[in-house]
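Here are my notes on this entry. Please read them with the structure open.

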Amino acid sequence: MAICRYKTHDGAIEHAIYKDGRVCPLRVLGVELADDVDITQLGKQWFRDLPVPQDAHWVTAPDRLLPPVRNPQKVICIGLNYRDHAIETGSEIPTEPVVFNKFHSTIVGSGDNIVLPRVSKEVDYEAELVVVIGKTAKHVSATDAMDYVLGYTCGHDVSARDWQKGRPGGQWLLGKTFDTFAPIGPCLVTTDELTDPSDVRVQMHLNGETVQDSTTAQLIFDIPTLIEHLTQIVTLEVGDLIFTGTPPGVGAAMNPPRFLQEGDLCTVEIAGVGRLSNRCQAE
Ligand code: ZN
């Protein structure tokens, strides 16, 4: 099942089943949820029990959606996790996952603007599959790791390259954590619907032109390996997000480099999840 959230005209929050750019509000199906509910806390069975909407119940999704995960405790990101992308950045192929994070204040939904900071001239795009954790996880083996995954969403790891690199100490965190730098959406797709994440197409369309196009089969460290690695270090909580890394084709690797400009429209498309679209706005 896939669920999205959005604001109605009167400011209430609607939860809806999402499919191919259309929605069916849960209240139409007789399912009531409080505005402030965190759907990641409801458990896999709750998603399994949702009724299947009839054809007549579907309407076009609003242009602007709320982030499908309301308030993740952690936003963890994996760097250089596609072999070809590591090569295009001139980096060595990592021998263990490269981990960094973003603050909550980076998260926006599909249809929200990405704000290009005044203090960066090199803001870049990165399309990524995002894992949503469904069960508290510590010291989990790769074999058991998928039991702890609730589902997936599309993510955009917006990156200010002039802050990420070349500053004292590297400053990956600052380069990755400007406000609005983690659009997610359009929906949360459960593992019952997207059953195998090991070969899923991940694309970035920039103003309609496809600039990244790969599959998660290219991941250096797959999702179970990432969960095993991370849970040696931190306890993953329900709703935590793991951005799994980006494929080749980022703007910094183009010749000449092509960084985001005001008005640019970035659309992350992931097969079986949907399309996450955000327009760039100057600060
Ligand atoms: Zn990334």
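In which strand is Ile13 found?

1. Ile13 is found in strand β2, which covers residues 13–19. Keep in mind that this is a predicted model.

2. Being buried would take 20 or more.

3. Next, the surroundings of Ile13. Setting aside neighbours within four places in sequence, Ile13 is in contact with Arg5, Lys7, Asp35 and Leu66. Tyr152 lies 139 residues from Ile13 along the chain. The C-alpha atoms of Ile13 and Tyr152 are separated by 21 Å.

4. Now the domains. The chain is divided into domain 1, residues 2–60, and domain 2, residues 75–282. Taken over C-alpha atoms, the centres of domain 1 and domain 2 are 25 Å apart. Eleven residues from domain 1 and 14 residues from domain 2 make the contact. On the domain 1 side, β1 (2–7) and α1 (44–48) each supply at least two of the residues that touch domain 2. That side of domain 1 divides into six nonpolar, two polar and three charged residues.

5. Last, helix α5, residues 223–230. Its buried residues are Ile223, Leu226, Ile227 and Leu230. Why do they sit on the same side of α5? They cover an arc of only 95° around the axis, so they fall on the same side of the helix.

Conventions. Residues are numbered from 1 along each chain as its sequence is written. This is a predicted model: local features need pLDDT of at least 70, side-chain atom pairs count only at pLDDT 80 or more; totals for chains, interfaces and linings use all residues. Domain bounds come from an automatic or database domain assignment. Two residues are in contact if their C-beta atoms, placed from the backbone, lie within 7 Å. Helices (H or I, at least four residues) and strands (E, at least two) are DSSP runs, numbered from the N terminus. Ala, Val, Leu, Ile, Met, Phe, Trp, Tyr, Cys and Pro count as nonpolar, Asp, Glu, Lys and Arg as charged, and the others, Gly among them, as polar. A residue is buried if 20 or more other C-beta atoms lie within 10 Å of its own, exposed if 12 or fewer, and partly exposed in between; C-beta atoms are placed from the backbone. The arc is that of the directions from the helix axis to the C-beta atoms.
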